[in-house]
Amino acid sequence: MTVRIGARCAGRLQSCHFQKNRSVAMQEMQPRFLPLAAKTVVCHTVTYFAMGALASHFLHYEQIFNQPNSGYRHFGDPLLILGVPLQIFRGILFASIFYLFREALFGRPRGWLRMAWMLIGIGILGTFAAPAGSFEGFIYTTMPIPFQLRGYLEIVPQALLFSALLCYWVNRPKKALNWTLGSLYFICFALPIVGLLAPRR
């Protein structure tokens, strides 16, 4: 009887020790805010630029933006051109939220899906405003439903790509990936500025 009790206590101690070591290891793996913010800005900007370029071409954004009373800035507006470089502020905002939930998002097998659902569920479908494609947009705007749904072709894939890329980078930091994504970010950041500064014919 004494042997059994001793074995159970030893097993419980080993289990507690394992859980404690696992908890410490998980905490050590969690990213600090500044590195997370930098990676979030890069991943968001790169995926934003890529999906925005594809959507602009295939969904004919220029025609939509340039229509009278469209509610959008003209396609050649300087502020619209600077939209990609200005994503640095959204990236920092996203990072400030991800950091609060870092233990549930990073170092987890399906953490990227949780992150994507946070972006889609709160940032797209459940936003407190009434933009196109949100629940409130369907209720309070007069835009046709098909027109609102077409926006999902851009923003939902971007949320998935952004989440997958960021979680992969945070969970598997590599110098090659740092250089690759850093270079892509520089290109995405610089191209709009060069286009804005280039003399127009």
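A search of the whole structure identified 1 salt bridge, defined as a side-chain nitrogen of Lys or Arg within 4 Å of a carboxyl oxygen of Asp or Glu. The side chains of Arg73 and Asp77 form this contact, with an N to O distance of 3.9 Å. Arg73 is partly exposed, at a relative accessible area of 45%; buried denotes under 20%, exposed over 50%, and partly exposed the range in between (1.4 Å probe, protein chains only). The model is predicted, with local features requiring pLDDT of at least 70 and side-chain atom pairs counted only at pLDDT 80 or more, whereas totals for chains, interfaces and linings use all residues. Residues are numbered from 1 along each chain as its sequence is written, and side-chain values use heavy atoms, with hydrogens and water left out.

The protein comprises 11 helices and 0 strands, assigned as DSSP runs (helices H or I, at least four residues; strands E, at least two) and numbered from the N terminus. Of its 201 residues, 29% count as buried.

The largest pocket holds about 1600 Å³ of space. Its lining draws two or more residues from each of α2 (33-58), α3 (61-65), α4 (78-81), α5 (87-100), α7 (111-125), α9 (145-149) and α10 (152-171). A pocket is here an open set of points on a 1 Å grid over the protein atoms alone, where a 1.4 Å probe fits, with protein on both sides within 12 Å along at least five of seven lines; lining residues have an atom within 4 Å of a point. In total, 43 residues line the largest pocket, and Tyr48, Arg90, Glu154, Ile155 and Gln158 lie nearest its centre. Helix α2 supplies the largest share of the lining, 7 residues. By class, the lining contains 29 nonpolar, 11 polar and 3 charged residues.

On the surface, Leu79, Leu86, Ile88, Phe89 and Ile92 form a nonpolar patch with about 440 Å² of accessible area together. Such a patch joins nonpolar side chains within 5 Å, from residues with over 30% relative accessible area and no salt bridge. Helix α5 contributes the largest share of the patch, 3 residues. Phe89, located in α5, is exposed, with a relative accessible area of 59%.

Positive phi values in residues other than glycine occur at His60, where phi is near 60°, and at Asn69, where phi is likewise near 60°. His60 lies in the loop between α2 and α3 and is partly exposed, at 41% relative accessible area. Asn69 lies in the loop between α3 and α4 and is exposed, at 82%.

Conventions. Points joined across faces, edges and corners; volume = space filled by probe spheres on them. Nonpolar A, V, L, I, M, F, W, Y, C, P; charged D, E, K, R; others polar. Patch = residues over 30% accessible without salt bridge, like charges linked within 9 Å, V, L, I, M, F, W, Y side chains within 5 Å. Areas by Shrake-Rupley, 256 points an atom, 1.4 Å probe, with all protein chains shown as cover.
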